[in-house]
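I opened this structure to look up a few places in it. My entries follow in the order I made them.

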Amino acid sequence: MKICFRAFLESLLSLTVEHFLKKFLPLPLRKIISLVSIVPRVQKGIASVVRGKPFCAETLDAAAISLSYLTGDIDTAGTINFLLNIGDTLEDYTKRKSHDNLTQSLLITDETVTIVQDGEEKEISTQLLKAGDIVIVRAGSVIPVDGTVVDGVGMVNQASMTGEALPVQREKGSSVFASTIIEEGEIKIKVKACGGETKVSKIANMIDRSNSLKAASQEKAERVADNLVKYNFGIIP
């Protein structure tokens, strides 16, 4: 999360510094730099037209920036492009933050785990776990794998997976899942799935894939905005 926020601040600072420093450059150089910076926006607008969407936000942005630049008003073109870039940065950060909040509440952060090997307890990295290993989980610890209890009894808080408010008893033969917490007791678990194969990891991956999908309200708002674009083109002298 901290890395994500730091990258967000760095992006905002970089965009802001670049935008205002350009104002002190000689006009010919400013024109070249501005042209290079607005090309991606113009390309998006052209691509929208090619896809059969001549009246959408991308084409309006491209038209506004292009007209400003071609009429010699490079400051306005640069300012529009700057504000659009700020908006894209904010949107990207919001998506990443939401995704991180969800996945960090689900995924295991412990680096080591205790296993039984040749009758002795041994600590190894969670990355070295494999199916068939016997993991010992004690009260207050997070269960790092999906598996079956082979020994012991424990009260497991499964709120992260099932939403259950109260812990449930898990004993020999019971199934347990990664990211759940053992509140009382001690259990030994035979690993069925670990790492990216656990149910919680698959949920996190699903969240990651769905991160690019748009909510119905967002799609509706974008359709309304796109419908207004034609009227904006209509008032251009």
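**Entry: Asn157.** I listed what Asn157 touches, leaving aside its neighbours within four places in sequence: Glu164, Pro167, Thr180, Ile181 and Glu183. Contact here means heavy atoms within 4.5 Å. The model is predicted, so local features need pLDDT of at least 70 and side-chain atom pairs count only at pLDDT 80 or more, while totals for chains, interfaces and linings use all residues. Residues are numbered from 1 along each chain as its sequence is written, and side-chain values use heavy atoms, with hydrogens and water left out.

Asn157 is found in strand S5. Helices (H or I, at least four residues) and strands (E, at least two) are DSSP runs, numbered from the N terminus. Is Asn157 buried or exposed? Asn157 is buried, because its relative accessible area is 18% and buried means under 20%, with exposed over 50% and partly exposed in between (1.4 Å probe, protein chains only).

I then looked for polar partners of this side chain. The side chains of Asn157 and Glu183 are joined by a polar contact of 2.9 Å. A polar atom of the Asn157 side chain also lies 2.9 Å from the backbone nitrogen of Ala159. A polar contact is a pair of N or O atoms within 3.5 Å; within protein, one must be able to donate a hydrogen and the other to accept it, and residues adjacent in sequence count only if both atoms are side-chain atoms.

**Entry: strand pairing.** I followed S1 to its partners. Two strands pair if DSSP finds at least two bridges between them. S1 and strand S2 (residues 120-125) run antiparallel and are joined by six bridges. Val116 has Glu121 as its bridge partner in S2. Two residues lie between the strands of this hairpin, where Asp118 takes a positive phi near 55 degrees.

S1 also pairs with S3 in the antiparallel sense, over three bridges. Ile136 has Lys188 as its bridge partner in S8.

**Entry: nonpolar cores.** A nonpolar core is a set of buried Ala, Val, Leu, Ile, Met, Phe, Trp, Tyr and Cys residues joined through side-chain atoms within 4.5 Å. The largest has 16 residues, of which Leu129, Val135, Val137, Ile143, Ile187 and Ile189 touch the most other members. Which strands each supply at least two residues of this core? They are S1 (112-117), S3 (134-138), S5 (146-157) and S8 (181-193). S8 gives the most, with four residues.

I checked Val137 beyond its neighbours within four places in sequence; its contacts include Val142, Ile143, Ile182, Ile187 and Ile189. A second, separate core has five residues, among them Ile38, Ile65, Ile74 and Ala77.

**Entry: helix H3.** H3 (residues 57-70) has 14 residues and reaches 20 Å from its first C-alpha to its last. That is close to the 20 Å expected at 1.5 Å a residue, the expected span being 1.5 Å times one less than the number of residues. Its buried residues include Thr59, Ala62, Ala63, Ile65, Ser68 and Tyr69. Just after H3, Gly72 takes a positive phi of about 90 degrees.

**Entry: cysteines.** I looked for disulfides, taken as pairs of cysteine sulfur atoms within 2.5 Å. The count comes to zero. Cys56 is buried, with a relative accessible area of 0%. Cys194 also counts as buried, at 16% relative accessibility.
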